[in-house]
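The sequence and structure come first.

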Amino acid sequence: MAIGAMILAAGRGERMRPLSDRTPKPLLEAGGKPLIVWQIEALARAGLSRIVINAAHLAGDLVDRLGDGRALGVSLAWSLEPEALETAGGIATALPLLPSGPAVIVSADVWSAFDYATLLPRAALMAADAEAPRLHLVMVPNPAYHPAGDFALAPGPQGCPGRLALAGDQRLTYGNIGLYDTALFAELPRWTRLELLPLFRDWIGRGIASGERYDGPWANVGTPGDLASLDAALRRRATLT
């Protein structure tokens, strides 16, 4: 079974300006390498070496830097957008480049120690069982900038993932790491701006979304200050290994 992998890298990164004016946000460096390279390497460690990347802002710079991925030991396919199509629009537009079935989809501007290999058994179940959840989201404790969180996570039976709910006490933040059945995007229009949040609300409301809580190292790199903090943390981490 082929499991797809996609890195979302099309955004301009308005809050990262002026750094993102001349450098694509995914190519900004922390810990001595571009943000997107951390994600490529993490996917490759999980055996997900055929990766789709969407790009819009300064897309040519991204393609010039990463090429076909051979230098990183992976195979990259590019979905180039004339303008950023938002998350759902970007995934729907890139769909022909992904194998049908489960796909691990992550954001280029998130750094995490999450092990993507742990999603592979869930992907196998998603492919084999039509009754299994059609998406599985990795949730993190609410950061200071988002104290209310996104969705509630209700514990599942022992050994089973929790179920996501639109309301509840145990609210967490979506960590921009997810496993999706690409069929969810098959009927969406291509080359159209579409946000993902309304779809999340629909899918969670229909009871087809599971989730898990991740408490390990995680950073959403939105501002120059975030980038500097992550860079310092990664350099400290390197001195301890």
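## Basis

A residue is buried under 20% relative accessible area, exposed over 50% and partly exposed in between, with a 1.4 Å probe and protein chains only. The model is predicted, so local features need pLDDT of at least 70 and side-chain atom pairs pLDDT 80 or more, while totals for chains, interfaces and linings use all residues. Numbering starts from 1 along each chain as its sequence is written, and side-chain values use heavy atoms, without hydrogens and water.

Ile204 counts as buried because its relative accessibility is 5%. Its place is in helix H6 (a DSSP run of H or I, at least four residues; strands are E runs of at least two, and both are numbered from the N terminus). Beyond four places in sequence, Ile204 touches Phe151, Leu164, Ala165, Leu166 and Ala209 (contact: heavy atoms within 4.5 Å). From Ile204 to Asp150 the C-alpha distance is 11 Å, across 54 residues of sequence.

Glu212, in strand E12 (residues 209–213), counts as buried because its relative accessibility is 18%. Among the residues that Glu212 touches beyond four places in sequence are Phe114, Arg122, His136 and Leu153.

## The largest pocket

The largest pocket has a volume of about 1,200 Å³. Of its 39 lining residues, Glu86, Thr87, Ser107, Asp109 and Asn176 are the closest to the centre. A pocket is an open set of points on a 1 Å grid over the protein atoms alone, where a 1.4 Å probe fits, with protein on both sides within 12 Å along at least five of seven lines; lining residues have an atom within 4 Å of a point. Points are joined across faces, edges and corners, and the volume is the space filled by probe spheres set on them.

Elements that give two or more residues to this lining include helix H4 (86–94) and helix H6 (197–205). E11 gives the most, with four residues.
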